[in-house]
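Please read it alongside the sequence and the coordinates.

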Amino acid sequence: MMKRRKFIGALGAGAAVAGLAACGGAPTECSDGQVAVKSGEKIKWTMVTTWPKNFAGLGEGAEYLAKLIGQLSGGRMEVKVYGSGELVPALQVFEAVATGAAQMGHGAAYYWSGKLSMSPFFAAVPFGLNAQEMNGWLLHGGGIELWRELYAPFNLIPEPAGNTGVQMAGWFNKEINSIEDIKGLKMRIPGLGGEVWKRAGGIPVLMPGSEVFTSLDTGAIDAAEWVGPYNDLAFGLFKAAKYYYYPGWQEPGSTLEALINKEAFEALPQDLQDVVRHACRVTNADMLAHFTAENNKALQTLVTKHGVQLKELPKDVLDELKTISDAMIEEQAKTELDQRILKSFKTFRDQAKSWHEVSEVSYYRGRQ
């Protein structure tokens, strides 16, 4: 607790902390005013995350990223990972990294929608881009440049650092047969999906993953979406609800992010900046592969061993949710930058959809 109190106290110390914490000893000052790392010193970073420590898939991804930075740097960098609540609460990761109290964070951009209405576009948009399309937009469609511009006022550099693929629609303690069954239903659902849920008559609740099971089990919420079978099995959510719905309309390809403090990053020599960025890209690809390998095995365990009732959302429910979503995303853009983000996202979505009709979608139909 003392360690955590001291860490939280550092949140108010400002971004100057990043330069001091970037290496094992005191930094030196460059002629241009940037902080430089002394030759031969091991650079020690702290990573705070929105996930429970070592949690399946998500927490493991953060650990993998930290380990990879250490390996690719030849041991010149060391990143220590803290799970949600160990140093800061899950939903304070953004502030911790922005102020320089931690050099790095791992989470999902939709958690910051209260600060930035467009941040969910870089994590998950209902009926939006899947994992393959998100990677295309971010890395080769201009998305990451817009993401960096959005975060720049907060002293942050974002990088894609994981993807879950298409998620599940969630766990419910009642069947969903029509849109009327959503009315008044209190559900843990973040980001733009939560806003769609609200407009459909439900009650969205934002909470970190560590609170989902207890809230669902005690009846504090009626339903919850978390991730998918691999994560949901690990959380034991099958003990708290019996109906497991698909598809994950709200999160069709959720990108996870690495948040990097700008001063800490710029204090690194160029080769280590490259190490951090490339480690994020490798983690991004590896996590998606991990989920692809584990999800169906976990789903079969949920159904065959634990008796979970797997159900598909009715088409008319999905149609109504999509109608609401299409109208809602147009309202998110408030500033000139927001408008550019929205335009870029929609343009890429439309061309990706056209291509996938003759590639991925056509192939899936033929493979059946």
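## Basis and overall composition

Contact means heavy atoms within 4.5 Å. The model discussed here is predicted.

The chain contains 14 helices and 13 strands. Of its 368 residues, 53% are buried. Among contacts with a separation of 6 or more, 76% are made by residues 24 or more positions apart.

Strands of a sheet pair through backbone hydrogen bonds, in either the parallel or the antiparallel sense.

K44 stands opposite E78 of β4.

## The six-stranded sheet

Another open sheet consists of six strands in the order β9-β8-β10-β7-β11-β13, and its pairing is mixed. The edge strands β9 (203-205) and β13 (309-312) each pair on one side only.

Strand β7 (residues 170-172) and β11 run antiparallel and are joined by three bridges. In β11, Y245 is the residue that stands opposite G170. Helix α7 (residues 191-199) packs on this sheet, where its contacts are with β7, β8 (186-188) and β9. The direction of α7 makes about 155° with that of β9.

## Helix-helix packing

Helix α11 also takes part in a helix crossing. The axes of α3 (residues 58-72) and α11 come within 9 Å and cross at roughly 145°, and the crossing is right-handed. On the α3 side, the residues in contact are L58, E60, G61, Y64, L65, L68, I69 and L72. Their counterparts in α11 are V275, V276, A279, C280, V282, T283, D286, M287, H290 and F291.

A further crossing involves α5 and α13 (residues 336-358), whose axes come within 10 Å and cross at roughly 130°. Angles over 145 degrees count as roughly antiparallel and those from 65 to 115 degrees as roughly perpendicular; α5 and α13 are therefore oblique to each other. The crossing of α5 and α13 is right-handed. From α5, the residues Q132, E133, G136 and W137 meet I341, S344, F345, F348, A352, K353 and H356 of α13.

## Aromatic pairs

The structure holds 21 aromatic pairs. One of them is formed by F127 and W249, which are stacked at 5.9 Å centre to centre with 25° between the planes. This pair links distant parts of the chain, 122 residues apart: F127 belongs to the loop between β5 (104-107) and α5 (131-140), and W249 to the loop between β11 (243-246) and β12 (255-261). Burial is under 20% relative accessible area; F127, at 24%, therefore counts as partly exposed, whereas W249, at 5%, counts as buried.

W226 and F235 form another stacked pair, with 5.3 Å from centre to centre and 10° between the planes. W226 is buried, with a relative accessible area of 3%. F235 likewise counts as buried, at 18% relative accessibility.

W112 is located in the loop between β5 and α5. Its relative accessibility is 1%, so W112 counts as buried.

Which residues are in contact with W112, leaving aside its neighbours within four places in sequence? They are T50, A90, L91, V93, F94, S119, Y151, E257 and L259.

Methods. Residues numbered from 1 in each chain as written. Predicted model: local features only at pLDDT ≥ 70, side-chain atom pairs only at ≥ 80, totals over all residues. Heavy atoms only, no water. Phe/Tyr/Trp six-rings, centres within 6.5 Å; stacked < 30°, edge-to-face > 60°. Helix = DSSP H or I, 4+ residues; strand = E, 2+ residues; numbered from the N terminus. Buried < 20%, exposed > 50% of the residue type's maximum accessible area, 1.4 Å probe, protein only. Pairing = 2+ DSSP bridges. Axes fitted to C-alpha atoms, helices over the stretch in contact; angles between N-to-C directions. Parallel < 35°, antiparallel > 145°, perpendicular 65-115°, else oblique. Left-handed = near helix turned anticlockwise from the far one by under 90°.
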